[in-house]
Amino acid sequence: MKVIIIGAGTGGMCLAHGLKRAGVPVEVYERDRTRADGLHGYRVGIDPTGNRALKECLPPELFDAFTATCARPPRYFNVFTERLKRTASFPLREDTDPVNSERSVSRMTLRQVLLTGMEDVVRFGRTFTHYERHADGTVTAHFADGTSATGDVLVAADGTNSRVRRQYLPHAEVKDAGVIAISAKVPVTEETRALLPREAFHGISLVFAPKGRFCVWHVMEFDRHDAAGTGVGGNDADLIERRPGLLYDNTRDYINWGFSAAAGRFPGNVMEMRGEELMRLTLGMTTGWHPDMRRLFALADPGSCFPIKIRTSVPVEPWETTTVTLLGDAIHTMTPGHGVGANTALRDASLLCRELTAAHNAAKPLLDALRAYEAEMIPYGFARVADSLAQNGTSGHDPLHRPVIGRAVLALTRTYFFLSSRIPPLREKFLTDLHTYRGGDEAAAL
């Protein structure tokens, strides 16, 4: 059996590693021309669900490299007002277990980890155009350069704008969530360190502000000793010179901020803005915010500042199983409301790897294996989509964004976090629910 994967993103590469380890022939086709292309975004939170998938699929030495190149884990989950008044602070569970824990990894470094040792598997510079299914069940993928590849299974791992999905499930819709975010990173210096409260510097922090404005803060501090000698996440001098905001090494700590609001509150051309223009826009939309936060907006690396239009999948009913299937954002794009998009893609990858390996070893027919994967993936995938969309502020239609009712919703949100952090039973329930939702109990049982 031969598996063709379209897209060398997080889910696609995790699947490719797992299949290669299991002896299943696999090829990955990626539109980027090199492993340094497409380096957008900064922190990825890998929860126990994602850790478990990576440990299952990656070679042991590469999983060790992944853990070594992660930043220190967050110690607090915080909620602040726009005036930097602390609404809540939850001390997170301390756990150094490589699986049953939360990890923070640079998106750029994770990409390098997942591409390590896969030079014989990944074909760069191949833009997928369409596929053909044949009478014998095989599938041929065609690319813009005129080349093609044929396999027994075609896996769409080509993200939110998946061309495979558009051909295979043309009724599967991805829509704008009605929210736009601006993200950037700020180098950690003595000045910038002092601008964040201690709990914020050592944790993940949310800011709920009037008019549906929202901001998330987290700090990436790397253990350079652990990262040394891993062979991944190192400097690429040419890349850094050309695109300094997309530095993907583990030698510079940074503060990452992401500011968001309803799309209608931004200028119509916001998606074409970059760098200092976006930083000025953020400052203009946060005039009443605490001076320390505004200073951090102003100190961002202009080359790292870019806009994101938040999108979400519309659930679809299960489809008839064929030798074409999908994983990750290609089928269940979700808002960043719960931070589980990458982890859900990794969960897909490990599940699909197990099923395809079983088919390769003749433990079950191929279509039965794919049917079992889809029967499990579709419910949990779209459940995560719904959960993420339900998070306050992640949809432009959320009451938090409305002029009058939004103030009441903001007050209720702050009250909920205030009480939950100060009443022991509520605090314990909040932390337990968070741990369970992100797969902690399941990982601990393995």
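An axis here is a line fitted to C-alpha atoms, for helices over the stretch in contact, and angles run from 0 to 180 degrees between N-to-C directions. Helices (H or I, at least four residues) and strands (E, at least two) are DSSP runs, numbered from the N terminus.

The model is predicted: local features need pLDDT of at least 70, side-chain atom pairs count only at pLDDT 80 or more, and totals for chains, interfaces and linings use all residues. Residues are numbered from 1 along each chain as its sequence is written, and side-chain values use heavy atoms, with hydrogens and water left out.

Start with helix α1 and helix α2 (residues 48-57). Their axes lie 8 Å apart, at an angle of about 35 degrees. Contact means heavy atoms within 4.5 Å. From α1 come Cys14, His17, Gly18 and Arg21; from α2 come Ala53, Leu54, Lys55, Glu56 and Cys57. Sorted by class, this contact has four nonpolar, two polar and three charged residues. Here Ala, Val, Leu, Ile, Met, Phe, Trp, Tyr, Cys and Pro count as nonpolar, Asp, Glu, Lys and Arg as charged, and the others, Gly among them, as polar.

Two strands pair if DSSP finds at least two bridges between them. Two bridges join β2 (residues 26-29) to β7 in the parallel sense. In one of these strands, Tyr29 has Arg123 of β7 as its bridge partner.

Now follow Tyr29 to a ring partner. The ring centres of Tyr29 and Phe143 are 4.7 Å apart and their planes stand at 25 degrees, so the pair is stacked. Rings of Phe, Tyr and Trp (its six-membered ring) pair if their centres lie within 6.5 Å; planes under 30 degrees apart count as stacked, over 60 as edge-to-face and the rest as tilted. Tyr29 sits in β2 and Phe143 in β9 (residues 139-143), 114 residues apart, so the pair links distant parts of the chain. The whole structure holds 18 aromatic pairs.

Four bridges join β9 to β10. His142 stands opposite Ser148 in β10.

Finish with α13 (residues 341-360) and α14 (residues 366-390). They pack at about 165 degrees, with axes 8 Å apart. The two helices are therefore roughly antiparallel (an angle over 145 degrees). Their contact includes Leu351 of α13 and Tyr373 of α14. By class, its residues divide into eleven nonpolar, two polar and five charged.

Key:
Angles under 35 degrees count as roughly parallel, over 145 as roughly antiparallel, 65 to 115 as roughly perpendicular and the rest as oblique.
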